[in-house]
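Me: I'm new to this structure and would like a close look at a single part of it. Could you pick one stretch and walk me through what its side chains are doing?

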Amino acid sequence: YFDYLEGINKIKTELEHIRTIHHPSFSQSVWISDIDMLKLEVSGMAAYPFISRVTVFNAEGSVLYQEQLNDCVRDIQFTFPLEYSHRGEKLTIGQVTICSSFDPLRQKIKKNAITNLTINAVQFFLLLIFILVIFHRSFVRYLINFTRHLRNQHQLTDIESFQPNRRHLFG
């Protein structure tokens, strides 16, 4: 659960970082129609492990540039409008669609789950062995003391009640 929350927060952080850092550059590149600059911006996003695809659209809705950064099975899309201030007016000049993949998050959760289950299994096994050793030792001591008591007893005289010696367990 905590791995999932951490992954979701990381995706949100990456998207916020893209919105604050890359978004103004995208707007500038679309405004001047610089495809090489768009390629450079998108290639810079390859460092984000959760970003799988970036598509840049112009104001008419046609694709200016699209790049598949990572293969993914499950993804979620986020769209940011591209705005540019020209002569005091905010113009919408296009949009950027970013596909964020949950595949790295799923792989990390799966890896951590296997590791945690293995560690828990080993801990359980060691605890079980410890409990069995303590039980075995206590039971064997009880049987030894009981047999000594029976050997030391005289014939049908006054039979004392048997008290097991458990001092070895407590100190």
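Reply: Arg137, Arg141, Arg148 and Arg151 together make up a positive surface patch. Keep in mind as you look that this is a predicted model. Take Arg151 from that group: it sits in helix 3, and its relative accessible area of 68% makes it exposed. The cut-off for that word is over 50%, so Arg151, at 68%, counts as exposed.

A pair of aromatic rings is described by the distance of the centres and the angle of the planes. The count for this model comes to 2 aromatic pairs. One of them joins Phe135 and Phe139, with 5.9 Å from centre to centre and 10° between the planes, and it is stacked. Helix 3 covers residues 103-152, and both of these Phe residues lie in it, 4 residues apart, or about one turn of the helix. How open are the two rings' residues to the outside? Phe135 is exposed, at 54% relative accessible area, while Phe139 is partly exposed, at 42%.

The other pair is Tyr142 with Phe146: here the ring centres are 6.3 Å apart and the planes meet at 10°, so this pair is stacked too. Why does that count? Centres have to lie within 6.5 Å for rings to pair, and planes under 30 degrees apart count as stacked, so 6.3 Å and 10° meet both conditions. Tyr142 and Phe146 are also in helix 3, and the 4 residues from one to the other amount to about one helical turn. As for accessibility, Tyr142 is partly exposed with a relative accessible area of 32%, and Phe146 is partly exposed at 32% as well.

Side chains of opposite charge can pair when their charged atoms come close. How many salt bridges does the model have? The count is 1, and the partners are Glu83 and Lys90, whose closest N and O atoms are 3.8 Å apart. The limit is 4 Å, so 3.8 Å is enough for Glu83 and Lys90 to qualify. Glu83 is partly exposed, at 35% relative accessible area, whereas Lys90 is exposed, at 62%.

Methods. Residues are numbered from 1 along each chain as its sequence is written. This is a predicted model: local features need pLDDT of at least 70, side-chain atom pairs count only at pLDDT 80 or more; totals for chains, interfaces and linings use all residues. Side-chain values use heavy atoms; hydrogens and water are left out. Rings of Phe, Tyr and Trp (its six-membered ring) pair if their centres lie within 6.5 Å; planes under 30 degrees apart count as stacked, over 60 as edge-to-face and the rest as tilted. Helices (H or I, at least four residues) and strands (E, at least two) are DSSP runs, numbered from the N terminus. Buried means under 20% relative accessible area, exposed over 50%, partly exposed in between (1.4 Å probe, protein chains only). Patches are made of residues with over 30% relative accessible area and no salt bridge: like charges are joined within 9 Å, nonpolar side chains (Val, Leu, Ile, Met, Phe, Trp, Tyr) within 5 Å. Accessible areas come from the Shrake-Rupley method with a 1.4 Å probe; for residues, only the protein chains shown count as cover. A salt bridge is a side-chain nitrogen of Lys or Arg within 4 Å of a carboxyl oxygen of Asp or Glu. Lys and Arg count as positive and Asp and Glu as negative; His and the chain ends are not counted. The place of a charge is taken as NZ of Lys, CZ of Arg, CG of Asp or CD of Glu.
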